[in-house]
Amino acid sequence: MTNSMTEGKVWKLILLFTLPIMAGNFLQQLYSTVDSIIVGNFAAHGQDALAAVGTCTPVTFLFIAIAMGMSAGASILVSQYFGARQMDELRRAVSTSLILLTGMGLVFSIVGGVIARWVLLNLLNVQDYLLADATAYFAIYCFGLVFQFIYNIVSSILRALGDSKATLYFLLVSSVTNIILDLLFVAVFHWDVPGVAIATVISQALSAAVSLFYMFKKYPILRFAKGEFKYHKDMGLLALKLGIPTTLQQCVISFGHIAIQRLVNTFDITAAYTAGMRIESFVLIPIFGFNVGLATFTGQNTGARRLDRVSQGLRDTMIMSAVSCVALAIFTYTAAPLLLGLFNLSGGNLDCGLEYLHFTAPMYLFFCIYITLNGVLQGAGDVIFTAVNTLTSLLLRCIAAYALAYLTPAGYAAAWISLPVGWIYSLVLAVIRYKMGAWRNKSVVQVKEEPQHG
């Protein structure tokens, strides 16, 4: 394997590693956005159908958050073992993580389908006229959760090995499939909201199958003989130790979104908020891409004890991420009417969407700096701090949102006015944590022999 990030020009390694991740994230966001655009333009009662799909987003993300969090924990293990060249431990980590995540995915597929209507009615306060479509979408979507879990763990393993291009190929196949099936099921067969969910599940299954095939075909070291592919209790506990804090962090984000979505549903601005979030998700792609790239870079170099490269990686990544963030924020602010028009919004929904984007666009830079710093902390294994930071940030944002909505004239705009409150708080704490240097001693891998560098 030749995907080590412990040698070579730092900024170039991170950029080349991150670009395929960004492209993959773009395709992943295309899933949700195409769903929204197609139901908004082709389904009967388009804006109501858009609202029904959009109102499910925080709940679907709750399950995906678990997959992402646990996969992130496994990724820390794999990247650090790879950096330390401990291949036997790496194989044990891979087999354990695959079994663990697949089992969790099966459980959540069943649980999600059973509790769909209760969650939408009681947690999100979904309007009566949206409830039937929203329940149908969410229940069908949950059948594909096991495929989401498989795809996420395989992608995390490959990224930890320095292979960021593979996930782009997987997502390209599944995204094209999703778009074709969306158009077929909604525009041609007129299955409306359920058709969008069915298309998504089929696409996710294809993505999981392709990713597994690629990993075992491409990497001989990950091909397991009979009796080798098994769950190792000690490695499972270590993966849980690293994954649970990150999972809780992701779940808190999701619960924060649920709380905000409930507020949005109460003011009945769901269609506008959905469109605004879909557009914002594209703007944040470079930020999250650089976060993953820097976390992997940090994991490998922490495992190899090249901490000087980690500091250089942060500086280089911060510049690249900030430049892309500012450019996209300016574009979003100026092109907001055109972008919202893609979702077939009109009247009050269009005005509300414009308010959303015009307020949030100038605030993205705070989020950019915070998430980039998180890349170092996560990759080094400082996951408890990042989880606590996110937990308190989301709590602060939710309190601010409800206080602004009901105690001030802000009203529905509190849903986005509260965003920078949490971002700035988390940024301050992340800067302090990085400067204190505790992350330097969080590595889970002990290097058996200090590598020599020319």
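**A tour from helix α1 to the cysteines**

Begin at Y31, on which a kink of about 30° in helix α1 is centred. The model on display is a predicted one.

Is T298 buried or exposed? With a relative accessibility of 0%, T298 falls under the 20% cut-off and therefore counts as buried. Display the side chain of T298 together with the backbone of L294: a polar atom of that side chain lies 2.7 Å from the backbone oxygen of L294.

Leaving aside residues up to four places away in sequence, which residues does T298 touch? The contacts are V310, G375, V376, G379 and A380.

The last stop is the cysteines. How many disulfides are there, taking a disulfide as a pair of cysteine sulfur atoms within 2.5 Å? The count comes to zero. Select C368 and C325 to examine one case: the sulfur of C325 is the nearest cysteine sulfur to C368, yet it is 4.6 Å away, and C368 is in no disulfide. C368 itself has 0% relative accessibility and so counts as buried. Finish at C398, which also counts as buried because its relative accessibility, 14%, is under 20%.

Key: Residues are numbered from 1 along each chain as its sequence is written. This is a predicted model: local features need pLDDT of at least 70, side-chain atom pairs count only at pLDDT 80 or more; totals for chains, interfaces and linings use all residues. Side-chain values use heavy atoms; hydrogens and water are left out. The bend at a residue is the angle between axes fitted to the seven residues ending there and the seven starting there. Helices (H or I, at least four residues) and strands (E, at least two) are DSSP runs, numbered from the N terminus. Buried means under 20% relative accessible area, exposed over 50%, partly exposed in between (1.4 Å probe, protein chains only). A polar contact is a pair of N or O atoms within 3.5 Å; within protein, one must be able to donate a hydrogen and the other to accept it, and residues adjacent in sequence count only if both atoms are side-chain atoms. Contact means heavy atoms within 4.5 Å. A disulfide is a pair of cysteine sulfur atoms within 2.5 Å.
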